[in-house]
Amino acid sequence: RQLLPEYMVPSAFVQLEALPLTSHGKVDRKALPAPEAPDSSRHYLAPRTQAEAKLAALIAAVLRLPRIGVHDDFFALGGHSLLATQVVSRVRSELGVELPLRALFEAPTVEALARRVEKEERSDSLPLTRVAREGALPLSFAQQRLWFLDQLRPGDASYNIPAALRIEGALDVEALRRAFEELVRRHEALRTTLSTLQGSPQQLIHPPHTWSLPAV
């Protein structure tokens, strides 16, 4: 724990009399026994509230355990920061509660986390909806970054990703043209241009149109 990142600290240990070896004297990894999941049944206490029951079910699913008790510690059962992000994401989607990642570190048991969930206000965020495409729209953070870099070095091709594809055999040129046309129609980013209005960038999403494929 003092030397390794948290996610690399083993959550289970298996004691062997000797390591299985191959005929070449190397460790036979395929012959190593799988470690058993940490046992939470010895001090198991069933959930007592609806919040505890929901949290216990989703945490058990993330840890791939049949069940966990309200006093079981998430990290003692093999949880780590990467799995903690899954728990927080499921709490958001299934319980409608927005929790910071540190909440699970501060309240690693079902009982403590349930109390934290009950104190938090339910998320009032509206579902994602499609905004109107008429007129200019603000840039995303990624677009802002690239626009800023382009102001520093206009025409720089550092972020261009060229690729060549060889297609052999009979080619249906019209089918290929329609495929590219549909690709551009489906993905607005491929028909979006950036312009500057009074020193501020904006994006214009152009309507789809017939796409030509000149043959050379």
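Gln50 is exposed, with a relative accessible area of 58%, where exposed means over 50%, buried under 20% and partly exposed in between (1.4 Å probe, protein chains only). The residue belongs to helix α1, residues 50-63; helices (H or I, at least four residues) and strands (E, at least two) are DSSP runs numbered from the N terminus. The structure is a predicted model, in which local features need pLDDT of at least 70 and side-chain atom pairs count only at pLDDT 80 or more, while totals for chains, interfaces and linings use all residues. Residues are numbered from 1 along each chain as its sequence is written, and side-chain values use heavy atoms, with hydrogens and water left out.

Ala114, in helix α4 (residues 110-119), is buried because its relative accessibility is 3%. Beyond its neighbours within four places in sequence, Ala114 touches Ala51, Glu52 and Leu55, a contact being heavy atoms within 4.5 Å.

Glu52 is itself buried at 6% relative accessible area and forms a salt bridge with Arg48, with 2.9 Å between the closest N and O atoms. A salt bridge here requires a side-chain nitrogen of Lys or Arg within 4 Å of a carboxyl oxygen of Asp or Glu. Arg48 is partly exposed, at 47%. A network of salt bridges links Arg48, Glu52, Glu111 and Arg115, and the whole structure contains 13 salt bridges.

Another salt bridge joins Glu106 to Arg102 at 3.7 Å, N to O. These two residues are about one helical turn apart because they lie 4 residues from each other in helix α3 (residues 102-106). Glu188 pairs with Arg133 in a salt bridge whose closest N and O atoms are 2.8 Å apart. Glu188 lies in the loop between α6 (173-186) and β1 (192-197) and Arg133 in the loop between α4 and α5, so this pair ties together parts 55 residues apart in sequence.

The largest pocket holds about 410 Å³ of space. On a 1 Å grid over the protein atoms alone, a pocket is an open set of points where a 1.4 Å probe fits, with protein on both sides within 12 Å along at least five of seven lines; lining residues have an atom within 4 Å of a point. Grid points are joined across faces, edges and corners, and a volume is the space filled by probe spheres set on the points. Of the 22 lining residues, Val9, Ser11, Phe75, Gly78 and Gly79 are the closest to the centre of the largest pocket. The second largest pocket has about 340 Å³, and helix α5 (residues 141-152) supplies the largest share of its lining, 6 residues.
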